[in-house]
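Morning, everyone. I'll take a few minutes on one model. Please have a look at it first.

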Amino acid sequence: MSKGYNFAYLDEQSKRMIRRAVLKAVAVPGYQVPFAGREMPLPYGWGTGGIQVTASIIGRDDVLKVIDQGADDTTNAVSIRKFFARTAGVRTTTRTPEASLIQTRHRIPETQLKAGQIIVFQVPIPEPLRWLEPRETATRRMHALGDYGAMHLKLYEDIARYGRVTTAYDFPTLVNGRYLMSPSPIPRLDNPKLDRSPALQLFGAGREKRIYAVPPHTTVKSLDFEDHPFTTERWAQHCARCGAGDSYLDELVIDDRGTRRFVCSDTDYCDTRLAGTGGAR
Amino acid sequence: MSGPLLEIDGLCKAYNGRPALIDVALDLWPGEVLAIVGESGSGKTTLLRCIDGQVAPERGAIRFDTRAQGMVDLTLLNEARRRRLLGNDLGYVHQNPRDGLRLELSAGANIGEPLLQAGHRHYGRIRATAESWLAKVEIDPGRIDDLPKHFSGGMQQRLQIARNLVTNPRLVLMDEPTGGLDVSVQAKLLDLLRRLAADLDLAIILVTHDLGVARLLADRLMVMQAGRIVESGLTDQVLDDPHQPYTQLLVSSVLQL
């Protein structure tokens, strides 16, 4: 653990301020709570929101896992994990079941989360109504009045044009039957994992300075039409490494002739399955 | 038939101390078309905006017969209650269709939005309703997926009217719906409005400075000047036999060809 920094980098007053915002967010599921975002030693868009939430709630006994697009070994994940290992001296892991705190960008782990775990999402655009209405005053009013009918217009336009809903990530959800929420750019496949999850789910947007939350066992409903119910994406292939047929697959180009192969985006899930089956393929 | 649909009493509104509405009172009955005429700045649009809740009046009452709860004074409601009680009872057609439409979304989505707002969640039925409304306002239903920004001004205005009527309102407020359209398009639009109003038993408050439009559409006419209603009565009566000097001036200043 490096000297000269406060525990987990942020000063105690900033952490308390962020914890107050987190508490309010948990009390009003899906509601975006403004907070005084701090400058962090990484640029906006790299997870400043998530890292501030993590810094405020992490304790000495926590075991931290950080993933970026499902992977534990990408630059962003490695840097943030190292950051907390140095400034807070906490244990880190890549194993989903062993982590007490998971910071993520763009994915929810395939392994089902348990009660007691906390997952922190990095959020670029917290406002699901932004595409419809550029003014913050107007979107806040729409949230206050539950004025969400227009949100279905995006789905309507998709079906009218392409015959199906094409929104593949950041698929809008209604939390606890009240607030419309952007689930951050997770793939549509991960949306059902948000619903009634036993883990606490926190969302931090650094540039936009908003925190919101889904407490454990809260309903999170993806928007749909009665005659076009919400569906998740499917692949014709299974994972080329572990053979999983239920996980989110990345398409990788593996040589100069355009040969492609599909593998799990969740590296821990894939490795665990490989270890368990003794390396099926 | 029960009582009036809308009762306005002693309505006053000033902008920065400059009065825009002075003691305005009117009654409107279900299915009635009321035209409000007067020169620019006479308070016509302010009156519409007060009824629509865009502007809060300083004094006076606006009682509306809601489907949900009967007579309610709209001036006493906050925004959330107003929406809950009023639901889709009230429509507003803007002078400029660009203010009342989402130009970047398709015509079908524009008609579908009020339905979604009212809680409809069946894509097929919403689309079928949108198609039938396009036909009713004489737009080719084949253009349901086209963007309104590629429509002509007259088509945009008809689309705006369809969007307002799709949820079956009791009262539609129209602010110069024919302004900015050329004469033949105006005539078609007026025909359409007259037919729809009769078919749907719709009450309309129509603000216009065009006495011809008022004559064609309105059962009753009110003349406003400097924030006051100076004369009111049956349309033909007021236009054929204007009593007030201001109304006489207004009527005599219409070009005769």
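First, the ground rules. This is a predicted model: local features need pLDDT of at least 70, side-chain atom pairs count only at pLDDT 80 or more, and totals for chains, interfaces and linings use all residues. Residues are numbered from 1 along each chain as its sequence is written, and chains are lettered from A and ligands numbered from 1 in the order in which they are written.

Start with the sheet in chain B. It is open, has six strands, and runs E6-E7-E8-E3-E9-E10 with mixed pairing. Strands here are DSSP runs of E, at least two residues; helices are runs of H or I, at least four; both are numbered from the N terminus. Two strands pair if DSSP finds at least two bridges between them. At the edges sit E6 and E10 (228–234) of chain B, each pairing on one side only. Neighbouring strands are turned by 15° on average, direction ignored. Inside the sheet, E7(B) and E8(B) (203–208) pair in the parallel sense over five bridges. There, Leu173(B) stands opposite Ile205(B).

Now the cores. A nonpolar core is a set of buried Ala, Val, Leu, Ile, Met, Phe, Trp, Tyr and Cys residues joined through C-beta atoms within 7 Å. Buried means 20 or more other C-beta atoms within 10 Å of a residue's own; exposed means 12 or fewer; partly exposed is in between; C-beta atoms are placed from the backbone. The largest core has 80 residues, and those with the most contacts inside it include Ile36(B) and Ala162(B). Apart from it lies another core, of 52 residues, among them Val26(A) and Phe121(A).

Next, helix H6(B), residues 153–165. Its 13 residues reach 19 Å from first C-alpha to last, close to the expected 18 Å; that expectation is 1.5 Å times one less than the number of residues. How much of H6(B) is buried? 12 of its 13 residues are. Among them is Ala162(B). The buried residues pack against several elements of chain B, including E6, E7 and helix H7 (183–200).

Most residues other than glycine have a negative phi. Ala8(A) has a positive phi of about 60°. Ala8(A) lies in the segment before helix H1 (12–27) of chain A, and is buried, with 24 other C-beta atoms within 10 Å. Lys209(A) also has a positive phi, about 55°. Lys209(A) is in the loop between E8 (200–205) and E9 (210–214) of chain A, and is partly exposed, with 19 other C-beta atoms within 10 Å.

Terms used:
Contact = placed C-beta atoms within 7 Å. Axes fitted to C-alpha atoms, helices over the stretch in contact; angles between N-to-C directions.
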